[in-house]
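Let's take a walk through a protein model, starting with one residue and zooming out from there. Have a look at the sequence and the 3D view first.

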Amino acid sequence: MATVAWIGLGNMGGPMTANMVKAGHAVRGFDLSTHALEAAVAHGVTATASIAEAVQGADVVFTMLPKGDHVRSVYFGEAGILAHAAKETLLIDSSTIDIESAQAVHDAAAAAGFRFVDAPVSGGMSGAAAGTLTFMIGGESGAVAEASGYIEPMSANIIPTGGATTGQAAKICNNLMLFINLASTSEGAVLADRLGLDKQVFWDIASVSSGDSWALRTWYPLAGVVPTAASNNGFAPTFTAELANKDIGLAIAAARSTETPLEIGEHVQQLFQRLIDGGQGAKDCTMIVSLVDGSLAAPAVPASATALS
Ligand code: NAD
């Protein structure tokens with residue numbers, strides 16, 4: 001049994017820590033949200049009041065935070081992980097973040113004498129709950145092997161990706177494909193419906209045909225077909241439109257720096273931006289189906305634009 005510190009107990013960190021507790025680890029959690037912290041305590045996490053308190057005596061520290069800026073703020077500074085963890089503690093960031101932030105944390109951790117890996121995940125909230133996530137892990141090989149041991153109760157697949165930041169590179173490219181698949185699934189689902197097909201019958205066909213994808217099988221955007229889909233639940237977030245926009249933005253930034261044209265990815269990013277502009281950024285990203293079926297009203301024209309016209 002290990003002592004695990006966990007910073008970030010949201011949609012993913014919550015169920016991931018539940019599996020760590022089930023595996024017999026002592027998990028000490030910290031989150032800025034009281035609601036997230038209380039939910040984690042209900043499944044056996046011990047609440048702490050600061051990062052310093054959470055990491056004290058920990059064998060390993062996991063972070064599961066929204067964006068690169070959050071990860072930098074939790075690692076750096078007087079109240080951060082690098083200032084308070086013991087040097088023997090293994091540090092694992094499972095957030096999906098930009099490569100520059102991941103490299104900055106690798107560099108600062110190494111300079112301070114820590115072992116650190118970037119270990120983002122795929123599999124969504126349902127995979128987090130089932131303990132079947134795929135982890136992609138970048139860093140020095142000894143630290144990657146050590147991290148794999150701790151990760152085991154949360155995962156179905158643990159795949160070393162190479163050196164520092166390669167886990168994030170794999171994750172960013174995977175999610176570019178996921179969100180393009182989600183957009184195509186939304187268009188196919190709505191069109192099939194309007195052509196008079198029963199939605200379950202169409203899903204039964206597509207899920208064993210060439211239109212199949214993880215998005216179709218896990219996040220089908222029409223209600224009443226796939227139990228894990230947010231469409232059943234008024235698009236209450238399992239993966240917010242805001243985070244999807246962030247992820248596809250990371251792919252677009254990486255593509256620009258490598259002169260890679262992402263024509264479809266750039267278009268899908270605009271769909272998430274329209275959802276956000278329409279006030280739905282905190283809803284589930286599968287709500288982009290509302291741009292296909294027309295149920296999301298167009299964002300109000302800003303007053304300044306009206307004045308100009
Ligand atoms: P979330 O917003 O539900 O959870 C993030 C948590 O971090 C929140 O509870 C928030 O209060 C907390 N937090 C933010 N700043 C903090 C700080 N300074 N100190 C302590 N806690 C802080 O997000 P999520 O859906 O759990 O996603 C987390 C990461 O995992 C993101 O990078 C996301 O892209 C990635 N991811 C999400 C999914 C998914 O399906 N939701 C799947 C794979 C990867």
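## A tucked-away leucine

Leucine 296 is buried, because its relative accessible area is 16% (buried means under 20%, exposed over 50%, partly exposed in between, with a 1.4 Å probe and protein chains only). You'll find leucine 296 in the loop between helix H14 (289-293) and helix H15 (303-308). Helices (H or I, at least four residues) and strands (E, at least two) are DSSP runs, numbered from the N terminus.

Before going on: this is a predicted model, where local features need pLDDT of at least 70, side-chain atom pairs count only at pLDDT 80 or more, and totals for chains, interfaces and linings use all residues. Residues are numbered from 1 along each chain as its sequence is written, and side-chain values use heavy atoms, leaving out hydrogens and water.

## Who touches whom

Which residues does leucine 296 touch, not counting those up to four places away in sequence? They are Leu275, Gln280, Met287, Ser290 and Leu291, where contact means heavy atoms within 4.5 Å. Arginine 274 sits 22 residues from leucine 296 along the chain, and their C-alpha atoms are separated by 9.8 Å.

Now hop over to glutamine 280, in the loop between helix H13 (263-277) and H14. Glutamine 280 counts as buried too, with 17% relative accessibility. Apart from neighbours within four places in sequence, glutamine 280 is in contact with Ala241, Leu275, Met287 and Leu296.

## Two annotated stretches

UniProt, in an unreviewed entry, lists residues 3-161 as "domain: 6-phosphogluconate dehydrogenase NADP-binding". The chain there is 42% helix and 25% strand, with its end C-alpha atoms 26 Å apart.

The UniProt annotation "domain: 3-hydroxyisobutyrate dehydrogenase-like NAD-binding", also from an unreviewed entry, covers residues 166-291. That stretch is 62% helix and 0% strand, and its end C-alpha atoms are 34 Å apart. UniProt positions follow the numbering used here, feature names are shortened, and annotations may be inferred rather than shown by experiment.

## The whole thing

Zooming out, the protein has 15 helices and nine strands. Its C-alpha trace spans about 60 × 45 × 35 Å along the principal axes. Of the 309 residues, 48% count as buried.

How about contacts between residues with a separation of 6 or more: what share joins residues 24 or more positions apart? The share is 63%.
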